[in-house]
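User: Can you take me through this model? I'd like the ligand site, then some helix packing.

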Amino acid sequence: MAALTVIGVPGLPEIAAGADLAALISDAADDLRDGDIVVVTSKIVSKAEGRVVRADRERAIDSEAVRVVARRGPTRIVETRHGLVLAAAGVDSSNTAPGTVVLLPEDPDGSARRLRKALADRRGVRVGVVVTDTMGRPWRTGQTDAAIGAAGLAPLRDHRGEPDTFGNQLEVTIAAVGDEIAAAADLVKGKTTQVPVAIVRGLAELVTDADGPGAAALIRPAADDMFRLGTADVLYARRTVREFTAQPVDPAAVRRAIAAAVTAPAPHHSEPWRFAVVASQRARTALLDDMLAAWVTDLRGDGFTPEQIARRVRRGEPLRRAPLIIVPCLLAEAAHAYPDQRRSAAERAMFTVAVGAAVQNLLVALAVEGLGSCWVSSALFCQPAAAAALGLPAGWEPMGAVAVGHPAAAPPPRPPRDPDHYMLTL
Ligand SMILES: Cc1cc2nc3c(=O)[nH]c(=O)nc-3n(C[C@H](O)[C@H](O)[C@H](O)COP(=O)(O)O)c2cc1C
(Lines give C-alpha, C1' and ligand atoms only; values in the text may rest on other atoms or scores of the structure.)
Protein backbone atom coordinates (compact mmCIF):
# COMPACT_ATOMS: atom_id res chain seq x y z
CA MET A 1 0.00 0.00 0.00
CA ALA A 2 1.12 3.52 -0.73
CA ALA A 3 2.24 5.46 2.34
CA LEU A 4 2.36 9.18 2.78
CA THR A 5 4.56 11.00 5.25
CA VAL A 6 4.06 14.61 6.25
CA ILE A 7 7.02 16.10 8.06
CA GLY A 8 6.97 19.52 9.72
CA VAL A 9 10.05 21.66 9.19
CA PRO A 10 10.77 23.50 12.45
CA GLY A 11 13.58 25.89 13.17
CA LEU A 12 12.91 28.63 10.62
CA PRO A 13 13.62 32.12 11.96
CA GLU A 14 11.11 35.00 11.79
CA ILE A 15 11.09 35.88 8.08
CA ALA A 16 11.91 39.45 7.04
CA ALA A 17 11.69 41.17 3.66
CA GLY A 18 14.45 39.98 1.35
CA ALA A 19 14.99 36.70 3.27
CA ASP A 20 16.32 33.86 1.11
CA LEU A 21 13.56 31.32 1.72
CA ALA A 22 15.23 28.61 -0.34
CA ALA A 23 18.40 28.87 1.76
CA LEU A 24 16.47 28.88 5.04
CA ILE A 25 14.26 25.93 4.03
CA SER A 26 17.23 24.05 2.63
CA ASP A 27 19.11 24.47 5.92
CA ALA A 28 16.12 23.49 8.05
CA ALA A 29 15.09 20.51 5.89
CA ASP A 30 18.39 18.69 5.62
CA ASP A 31 16.76 15.47 4.42
CA LEU A 32 15.10 16.95 1.30
CA ARG A 33 14.72 14.25 -1.38
CA ASP A 34 13.75 13.92 -5.01
CA GLY A 35 9.97 13.60 -5.32
CA ASP A 36 9.26 15.48 -2.08
CA ILE A 37 6.67 18.22 -2.09
CA VAL A 38 7.66 21.31 -0.13
CA VAL A 39 4.56 22.99 1.27
CA VAL A 40 5.07 26.59 2.37
CA THR A 41 2.63 28.85 4.19
CA SER A 42 2.02 31.90 2.01
CA LYS A 43 2.58 34.17 4.98
CA ILE A 44 6.35 33.56 5.01
CA VAL A 45 6.48 33.89 1.22
CA SER A 46 4.71 37.25 1.55
CA LYS A 47 7.05 38.37 4.29
CA ALA A 48 10.13 37.42 2.29
CA GLU A 49 8.71 39.23 -0.74
CA GLY A 50 8.07 42.42 1.22
CA ARG A 51 4.29 42.10 1.12
CA VAL A 52 3.96 43.38 4.69
CA VAL A 53 2.52 46.87 4.51
CA ARG A 54 1.67 49.52 7.05
CA ALA A 55 -1.99 49.96 6.23
CA ASP A 56 -5.48 49.91 7.58
CA ARG A 57 -6.77 46.35 7.13
CA GLU A 58 -10.04 47.40 5.45
CA ARG A 59 -8.19 49.63 2.97
CA ALA A 60 -5.77 46.84 2.20
CA ILE A 61 -8.71 44.52 1.47
CA ASP A 62 -10.24 47.20 -0.82
CA SER A 63 -7.04 47.37 -2.83
CA GLU A 64 -6.58 43.60 -3.08
CA ALA A 65 -10.20 42.82 -4.02
CA VAL A 66 -11.61 42.95 -7.53
CA ARG A 67 -15.13 41.87 -6.50
CA VAL A 68 -17.10 41.58 -3.29
CA VAL A 69 -18.84 38.20 -3.36
CA ALA A 70 -20.58 38.30 0.01
CA ARG A 71 -20.66 40.49 3.05
CA ARG A 72 -22.00 40.08 6.55
CA GLY A 73 -21.26 42.75 9.14
CA PRO A 74 -17.56 43.52 8.87
CA THR A 75 -16.75 40.23 7.10
CA ARG A 76 -16.20 40.40 3.37
CA ILE A 77 -15.69 37.43 1.06
CA VAL A 78 -13.95 38.81 -2.02
CA GLU A 79 -12.32 37.75 -5.24
CA THR A 80 -8.67 38.75 -5.46
CA ARG A 81 -6.68 39.69 -8.54
CA HIS A 82 -5.45 36.09 -8.62
CA GLY A 83 -9.06 34.84 -8.96
CA LEU A 84 -9.08 33.40 -5.44
CA VAL A 85 -12.33 33.83 -3.53
CA LEU A 86 -11.67 34.11 0.18
CA ALA A 87 -12.39 36.11 3.31
CA ALA A 88 -10.70 39.51 3.57
CA ALA A 89 -8.75 38.95 0.32
CA GLY A 90 -6.30 36.88 2.35
CA VAL A 91 -5.15 40.07 4.10
CA ASP A 92 -3.88 39.04 7.53
CA SER A 93 -3.13 41.09 10.57
CA SER A 94 -2.09 38.14 12.75
CA ASN A 95 1.57 37.21 13.24
CA THR A 96 2.70 40.63 12.07
CA ALA A 97 3.67 43.84 13.90
CA PRO A 98 0.75 45.99 15.12
CA GLY A 99 -0.32 48.49 12.44
CA THR A 100 0.91 46.26 9.64
CA VAL A 101 -0.89 43.68 7.52
CA VAL A 102 0.40 40.83 5.37
CA LEU A 103 -0.92 40.70 1.80
CA LEU A 104 -0.93 37.53 -0.29
CA PRO A 105 2.08 37.12 -2.60
CA GLU A 106 1.73 39.12 -5.82
CA ASP A 107 2.01 35.97 -7.97
CA PRO A 108 1.95 32.81 -5.80
CA ASP A 109 2.60 30.48 -8.77
CA GLY A 110 5.64 32.60 -9.64
CA SER A 111 6.79 32.44 -6.00
CA ALA A 112 6.47 28.63 -6.09
CA ARG A 113 8.43 28.42 -9.35
CA ARG A 114 11.27 30.59 -8.01
CA LEU A 115 11.46 28.62 -4.78
CA ARG A 116 11.51 25.31 -6.64
CA LYS A 117 14.28 26.48 -8.93
CA ALA A 118 16.33 27.82 -6.02
CA LEU A 119 15.92 24.52 -4.12
CA ALA A 120 16.94 22.58 -7.23
CA ASP A 121 19.99 24.82 -7.74
CA ARG A 122 20.99 24.62 -4.10
CA ARG A 123 20.31 20.95 -3.38
CA GLY A 124 20.12 19.30 -6.78
CA VAL A 125 16.71 17.90 -5.91
CA ARG A 126 13.61 17.66 -8.07
CA VAL A 127 10.78 18.68 -5.73
CA GLY A 128 7.31 20.08 -6.09
CA VAL A 129 6.41 23.29 -4.27
CA VAL A 130 3.01 24.31 -2.95
CA VAL A 131 2.25 27.74 -1.46
CA THR A 132 -0.78 27.62 0.83
CA ASP A 133 -3.30 29.87 2.43
CA THR A 134 -6.08 29.15 4.90
CA MET A 135 -9.64 29.41 3.67
CA GLY A 136 -13.15 28.77 4.88
CA ARG A 137 -15.56 26.82 2.68
CA PRO A 138 -19.07 28.12 2.00
CA TRP A 139 -20.92 24.92 2.93
CA ARG A 140 -18.54 23.58 5.60
CA THR A 141 -17.66 24.73 9.08
CA GLY A 142 -14.03 25.55 9.83
CA GLN A 143 -11.08 26.42 7.67
CA THR A 144 -8.55 24.33 5.81
CA ASP A 145 -5.46 25.12 3.81
CA ALA A 146 -5.61 25.27 0.03
CA ALA A 147 -2.95 25.66 -2.67
CA ILE A 148 -2.68 29.22 -3.96
CA GLY A 149 0.63 28.63 -5.71
CA ALA A 150 2.28 25.51 -7.13
CA ALA A 151 5.24 24.49 -9.26
CA GLY A 152 6.54 21.12 -10.39
CA LEU A 153 3.30 19.49 -9.38
CA ALA A 154 0.21 18.35 -11.23
CA PRO A 155 -2.37 20.29 -9.18
CA LEU A 156 -5.28 18.23 -10.50
CA ARG A 157 -5.49 14.46 -11.04
CA ASP A 158 -8.05 13.74 -13.72
CA HIS A 159 -9.83 10.42 -13.14
CA ARG A 160 -12.44 10.95 -15.84
CA GLY A 161 -12.71 7.96 -18.13
CA GLU A 162 -11.18 5.58 -15.58
CA PRO A 163 -13.35 2.64 -14.42
CA ASP A 164 -14.58 2.49 -10.82
CA THR A 165 -14.55 -0.80 -8.89
CA PHE A 166 -17.81 -1.83 -10.59
CA GLY A 167 -16.46 -1.05 -14.04
CA ASN A 168 -18.53 2.16 -14.46
CA GLN A 169 -16.66 4.99 -16.10
CA LEU A 170 -15.96 7.96 -13.83
CA GLU A 171 -17.40 11.08 -15.43
CA VAL A 172 -16.66 14.06 -13.22
CA THR A 173 -13.91 13.11 -10.80
CA ILE A 174 -10.91 15.42 -10.92
CA ALA A 175 -9.01 15.22 -7.65
CA ALA A 176 -7.76 18.61 -6.44
CA VAL A 177 -4.50 17.09 -5.23
CA GLY A 178 -2.87 20.52 -4.84
CA ASP A 179 -5.48 21.41 -2.23
CA GLU A 180 -5.30 17.96 -0.62
CA ILE A 181 -1.54 18.31 -0.21
CA ALA A 182 -1.97 21.79 1.27
CA ALA A 183 -4.55 20.48 3.74
CA ALA A 184 -2.39 17.49 4.71
CA ALA A 185 0.58 19.76 5.36
CA ASP A 186 -1.58 22.02 7.52
CA LEU A 187 -2.05 19.10 9.91
CA VAL A 188 1.60 19.38 10.94
CA LYS A 189 2.28 23.06 10.27
CA GLY A 190 -0.37 24.64 12.48
CA LYS A 191 -0.94 28.32 12.95
CA THR A 192 0.85 28.86 16.20
CA THR A 193 3.57 26.25 16.27
CA GLN A 194 6.08 28.26 14.27
CA VAL A 195 6.24 25.54 11.64
CA PRO A 196 5.40 27.30 8.38
CA VAL A 197 6.85 24.60 6.12
CA ALA A 198 6.14 20.87 5.73
CA ILE A 199 7.48 18.19 3.46
CA VAL A 200 4.95 15.78 1.93
CA ARG A 201 6.72 12.56 0.97
CA GLY A 202 5.24 9.63 -0.94
CA LEU A 203 3.57 11.42 -3.84
CA ALA A 204 6.54 11.50 -6.21
CA GLU A 205 4.25 10.51 -9.07
CA LEU A 206 2.69 13.98 -8.85
CA VAL A 207 6.03 15.78 -9.08
CA THR A 208 6.80 16.88 -12.63
CA ASP A 209 9.89 18.04 -14.51
CA ALA A 210 8.09 21.12 -15.79
CA ASP A 211 6.74 23.82 -13.49
CA GLY A 212 3.28 23.03 -14.88
CA PRO A 213 0.09 25.06 -14.76
CA GLY A 214 0.43 26.08 -11.13
CA ALA A 215 -2.38 26.53 -8.62
CA ALA A 216 -4.13 28.79 -11.12
CA ALA A 217 -5.48 25.51 -12.55
CA LEU A 218 -7.41 25.01 -9.30
CA ILE A 219 -9.49 28.15 -9.86
CA ARG A 220 -12.83 27.18 -11.37
CA PRO A 221 -13.43 29.12 -14.60
CA ALA A 222 -16.18 31.72 -14.20
CA ALA A 223 -18.31 30.04 -16.87
CA ASP A 224 -18.38 26.79 -14.82
CA ASP A 225 -19.06 28.53 -11.52
CA MET A 226 -22.66 27.85 -10.48
CA PHE A 227 -22.23 30.18 -7.49
CA ARG A 228 -20.66 32.98 -9.47
CA LEU A 229 -22.73 35.72 -7.92
CA GLY A 230 -22.54 36.12 -4.18
CA THR A 231 -25.22 37.71 -2.06
CA ALA A 232 -23.41 41.05 -2.11
CA ASP A 233 -23.07 41.44 -5.84
CA VAL A 234 -26.22 39.90 -7.26
CA LEU A 235 -28.11 43.20 -7.49
CA TYR A 236 -25.09 45.00 -8.86
CA ALA A 237 -24.77 42.39 -11.62
CA ARG A 238 -27.72 43.89 -13.48
CA ARG A 239 -26.71 46.61 -15.90
CA THR A 240 -28.58 47.88 -18.92
CA VAL A 241 -27.13 46.09 -21.94
CA ARG A 242 -27.98 47.45 -25.38
CA GLU A 243 -25.70 45.37 -27.64
CA PHE A 244 -26.04 41.61 -27.88
CA THR A 245 -24.36 38.69 -29.58
CA ALA A 246 -26.36 36.57 -32.05
CA GLN A 247 -26.44 33.65 -29.57
CA PRO A 248 -30.08 32.65 -28.97
CA VAL A 249 -31.60 32.93 -25.50
CA ASP A 250 -32.36 29.63 -23.75
CA PRO A 251 -36.15 29.46 -23.15
CA ALA A 252 -35.51 27.56 -19.88
CA ALA A 253 -33.47 30.52 -18.57
CA VAL A 254 -36.36 32.83 -19.47
CA ARG A 255 -38.82 30.61 -17.60
CA ARG A 256 -36.58 30.66 -14.52
CA ALA A 257 -36.30 34.46 -14.72
CA ILE A 258 -40.08 34.82 -14.99
CA ALA A 259 -40.49 32.49 -12.00
CA ALA A 260 -38.24 34.89 -10.06
CA ALA A 261 -40.11 37.92 -11.45
CA VAL A 262 -43.44 36.74 -10.04
CA THR A 263 -42.09 36.62 -6.49
CA ALA A 264 -42.45 40.42 -6.49
CA PRO A 265 -44.67 42.12 -3.92
CA ALA A 266 -48.12 43.21 -5.15
CA PRO A 267 -51.15 44.94 -3.62
CA HIS A 268 -54.29 43.16 -2.32
CA HIS A 269 -52.54 39.78 -2.59
CA SER A 270 -53.04 40.17 -6.33
CA GLU A 271 -50.81 38.85 -9.12
CA PRO A 272 -50.86 41.79 -11.53
CA TRP A 273 -47.84 40.81 -13.67
CA ARG A 274 -47.90 39.09 -17.03
CA PHE A 275 -45.08 38.54 -19.52
CA ALA A 276 -45.44 38.22 -23.28
CA VAL A 277 -42.36 36.37 -24.55
CA VAL A 278 -41.96 37.49 -28.15
CA ALA A 279 -40.26 34.41 -29.54
CA SER A 280 -41.58 34.07 -33.10
CA GLN A 281 -40.28 36.19 -35.96
CA ARG A 282 -43.88 36.97 -36.91
CA ALA A 283 -44.79 38.42 -33.50
CA ARG A 284 -41.51 40.29 -33.30
CA THR A 285 -41.91 41.94 -36.71
CA ALA A 286 -45.54 42.85 -35.98
CA LEU A 287 -44.58 44.42 -32.64
CA LEU A 288 -41.59 46.39 -33.90
CA ASP A 289 -43.30 47.58 -37.10
CA ASP A 290 -46.53 48.63 -35.41
CA MET A 291 -44.65 50.42 -32.61
CA LEU A 292 -42.55 52.21 -35.22
CA ALA A 293 -45.69 53.29 -37.08
CA ALA A 294 -47.20 54.60 -33.84
CA TRP A 295 -44.00 56.49 -33.07
CA VAL A 296 -43.92 58.06 -36.54
CA THR A 297 -47.55 59.13 -36.10
CA ASP A 298 -46.65 60.79 -32.79
CA LEU A 299 -43.66 62.58 -34.30
CA ARG A 300 -45.76 63.81 -37.22
CA GLY A 301 -48.26 65.12 -34.72
CA ASP A 302 -45.40 66.96 -33.00
CA GLY A 303 -44.71 68.74 -36.31
CA PHE A 304 -41.39 67.09 -37.21
CA THR A 305 -40.44 67.00 -40.91
CA PRO A 306 -40.16 63.61 -42.67
CA GLU A 307 -36.34 63.99 -42.67
CA GLN A 308 -36.27 64.70 -38.96
CA ILE A 309 -38.56 61.74 -38.34
CA ALA A 310 -36.41 59.44 -40.49
CA ARG A 311 -33.30 60.53 -38.54
CA ARG A 312 -34.97 59.98 -35.16
CA VAL A 313 -36.31 56.52 -35.82
CA ARG A 314 -33.05 55.46 -37.49
CA ARG A 315 -31.36 55.71 -34.13
CA GLY A 316 -32.90 52.33 -33.60
CA GLU A 317 -33.69 50.69 -30.40
CA PRO A 318 -32.02 47.91 -28.40
CA LEU A 319 -35.21 45.93 -29.12
CA ARG A 320 -34.31 45.59 -32.82
CA ARG A 321 -30.84 44.25 -31.98
CA ALA A 322 -31.96 41.81 -29.27
CA PRO A 323 -32.35 38.07 -29.92
CA LEU A 324 -35.43 38.04 -27.65
CA ILE A 325 -38.05 40.55 -26.51
CA ILE A 326 -40.17 40.16 -23.38
CA VAL A 327 -43.10 42.53 -22.93
CA PRO A 328 -43.98 42.86 -19.22
CA CYS A 329 -47.64 43.71 -18.78
CA LEU A 330 -49.87 45.06 -16.05
CA LEU A 331 -53.11 43.20 -15.48
CA ALA A 332 -54.97 45.50 -13.11
CA GLU A 333 -58.19 43.46 -12.80
CA ALA A 334 -57.76 43.28 -9.01
CA ALA A 335 -57.53 47.07 -8.63
CA HIS A 336 -60.25 48.56 -6.45
CA ALA A 337 -62.64 51.13 -7.91
CA TYR A 338 -62.87 54.50 -6.16
CA PRO A 339 -65.35 57.28 -6.84
CA ASP A 340 -62.68 60.02 -6.66
CA GLN A 341 -59.65 60.86 -8.80
CA ARG A 342 -57.18 60.98 -5.91
CA ARG A 343 -57.74 57.42 -4.73
CA SER A 344 -58.11 56.08 -8.27
CA ALA A 345 -54.69 57.54 -9.14
CA ALA A 346 -53.15 56.09 -5.99
CA GLU A 347 -54.61 52.66 -6.78
CA ARG A 348 -53.24 52.88 -10.31
CA ALA A 349 -49.80 53.92 -9.03
CA MET A 350 -49.81 51.00 -6.62
CA PHE A 351 -50.30 48.49 -9.42
CA THR A 352 -47.80 50.25 -11.68
CA VAL A 353 -45.03 50.12 -9.08
CA ALA A 354 -45.83 46.45 -8.47
CA VAL A 355 -45.03 45.71 -12.11
CA GLY A 356 -41.81 47.71 -11.69
CA ALA A 357 -40.81 45.42 -8.83
CA ALA A 358 -41.49 42.34 -10.97
CA VAL A 359 -39.54 43.73 -13.92
CA GLN A 360 -36.56 44.47 -11.67
CA ASN A 361 -36.74 40.88 -10.42
CA LEU A 362 -36.85 39.71 -14.02
CA LEU A 363 -33.81 41.77 -15.04
CA VAL A 364 -31.77 40.66 -12.01
CA ALA A 365 -32.72 37.02 -12.59
CA LEU A 366 -31.71 37.33 -16.26
CA ALA A 367 -28.36 38.77 -15.13
CA VAL A 368 -27.91 35.77 -12.81
CA GLU A 369 -28.42 33.59 -15.92
CA GLY A 370 -25.64 35.57 -17.64
CA LEU A 371 -28.13 37.40 -19.86
CA GLY A 372 -28.10 41.12 -20.52
CA SER A 373 -31.27 43.18 -20.73
CA CYS A 374 -32.56 46.64 -21.48
CA TRP A 375 -35.98 47.81 -20.36
CA VAL A 376 -37.19 50.00 -23.21
CA SER A 377 -40.07 52.39 -22.72
CA SER A 378 -41.48 52.62 -26.27
CA ALA A 379 -44.32 50.12 -25.78
CA LEU A 380 -45.58 52.22 -22.87
CA PHE A 381 -46.06 55.13 -25.26
CA CYS A 382 -48.19 53.08 -27.64
CA GLN A 383 -49.84 50.50 -25.40
CA PRO A 384 -52.88 49.80 -27.63
CA ALA A 385 -50.70 49.36 -30.75
CA ALA A 386 -48.26 47.04 -28.92
CA ALA A 387 -51.07 45.00 -27.37
CA ALA A 388 -52.87 44.69 -30.73
CA ALA A 389 -49.67 43.76 -32.60
CA LEU A 390 -49.11 40.85 -30.21
CA GLY A 391 -52.79 39.95 -29.89
CA LEU A 392 -52.50 40.16 -26.09
CA PRO A 393 -55.41 38.94 -23.94
CA ALA A 394 -57.89 41.58 -22.74
CA GLY A 395 -56.56 43.71 -19.91
CA TRP A 396 -52.82 43.08 -20.53
CA GLU A 397 -51.23 46.54 -20.62
CA PRO A 398 -47.65 46.56 -22.00
CA MET A 399 -45.32 48.34 -19.57
CA GLY A 400 -42.49 48.81 -22.03
CA ALA A 401 -40.52 45.94 -23.50
CA VAL A 402 -37.36 44.20 -22.37
CA ALA A 403 -34.57 43.44 -24.85
CA VAL A 404 -32.79 40.22 -23.81
CA GLY A 405 -29.63 38.58 -25.09
CA HIS A 406 -26.06 37.61 -24.37
CA PRO A 407 -24.09 40.83 -23.79
CA ALA A 408 -21.75 41.73 -26.67
CA ALA A 409 -19.37 43.35 -24.17
CA ALA A 410 -19.06 43.79 -20.43
CA PRO A 411 -20.98 46.91 -19.39
CA PRO A 412 -18.88 49.82 -18.16
CA PRO A 413 -18.26 50.05 -14.42
CA ARG A 414 -21.13 51.66 -12.56
CA PRO A 415 -20.23 55.08 -11.19
CA PRO A 416 -20.42 54.98 -7.39
CA ARG A 417 -23.52 56.49 -5.84
CA ASP A 418 -23.47 57.77 -2.28
CA PRO A 419 -26.58 56.52 -0.45
CA ASP A 420 -26.63 59.73 1.60
CA HIS A 421 -27.55 61.65 -1.52
CA TYR A 422 -30.73 59.61 -1.91
CA MET A 423 -31.89 59.33 1.67
CA LEU A 424 -33.31 61.37 4.44
CA THR A 425 -33.15 60.04 7.99
CA LEU A 426 -35.90 61.59 10.08
C1 LIG B 1 -39.10 52.37 -17.17
C2 LIG B 1 -37.77 52.43 -17.90
C3 LIG B 1 -37.73 52.75 -19.23
C4 LIG B 1 -36.52 52.75 -19.97
N5 LIG B 1 -36.52 53.03 -21.30
C6 LIG B 1 -35.37 52.94 -22.01
C7 LIG B 1 -35.36 53.15 -23.41
O8 LIG B 1 -36.41 53.45 -24.01
N9 LIG B 1 -34.19 52.99 -24.10
C10 LIG B 1 -33.03 52.67 -23.45
O11 LIG B 1 -31.99 52.53 -24.12
N12 LIG B 1 -32.99 52.48 -22.12
C13 LIG B 1 -34.13 52.60 -21.39
N14 LIG B 1 -34.12 52.39 -20.02
C15 LIG B 1 -32.86 51.98 -19.38
C16 LIG B 1 -32.15 53.15 -18.70
O17 LIG B 1 -31.61 54.02 -19.67
C18 LIG B 1 -31.05 52.57 -17.79
O19 LIG B 1 -31.69 51.90 -16.74
C20 LIG B 1 -30.13 53.66 -17.29
O21 LIG B 1 -29.32 54.12 -18.31
C22 LIG B 1 -29.25 53.21 -16.12
O23 LIG B 1 -28.38 52.17 -16.51
P24 LIG B 1 -28.38 50.79 -15.67
O25 LIG B 1 -29.72 50.13 -15.89
O26 LIG B 1 -27.25 50.00 -16.24
O27 LIG B 1 -28.20 51.12 -14.23
C28 LIG B 1 -35.31 52.44 -19.29
C29 LIG B 1 -35.36 52.15 -17.93
C30 LIG B 1 -36.56 52.14 -17.24
C31 LIG B 1 -36.57 51.78 -15.77
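**Ligand site and helix packing**

Analyst: A polar side-chain atom of Arg-242 sits 2.6 Å from an oxygen atom of the ligand. That is a polar contact, a pair of N or O atoms within 3.5 Å. The model is predicted: local features need pLDDT of at least 70, side-chain atom pairs count only at pLDDT 80 or more, and totals for chains, interfaces and linings use all residues. Residues are numbered from 1 along each chain as its sequence is written, and side-chain values use heavy atoms, with hydrogens and water left out.

User: What does Arg-239 do at an oxygen atom of the ligand?

Analyst: An N or O atom in the Arg-239 side chain is 2.7 Å from a ligand oxygen. Ser-377 uses a polar backbone atom, 3.0 Å from an oxygen atom of the ligand.

User: How much of the ligand's accessible area does the protein cover?

Analyst: 60% of the 630 Å² that the ligand has on its own. Areas come from the Shrake-Rupley method with a 1.4 Å probe.

User: Which strand gives the largest share of the shell?

Analyst: Strand β15 (residues 372-376), with three residues. Strands are DSSP runs of E, at least two residues; helices are H or I, at least four; both are numbered from the N terminus.

User: Switching topic. At what angle do α6 and α10 pack?

Analyst: About 140°, with axes 7 Å apart, for α6 (residues 251-261) and α10 (residues 341-368). Axes are lines fitted to C-alpha atoms over the stretch in contact, and angles run from 0 to 180 degrees between N-to-C directions.

User: Which residues of α6 make the contact?

Analyst: Ala-257, Ile-258, Ala-260 and Ala-261, against α10 residues including Asn-361 and Leu-362. Contact means heavy atoms within 4.5 Å.

How values were computed
A polar contact is a pair of N or O atoms within 3.5 Å; within protein, one must be able to donate a hydrogen and the other to accept it, and residues adjacent in sequence count only if both atoms are side-chain atoms.
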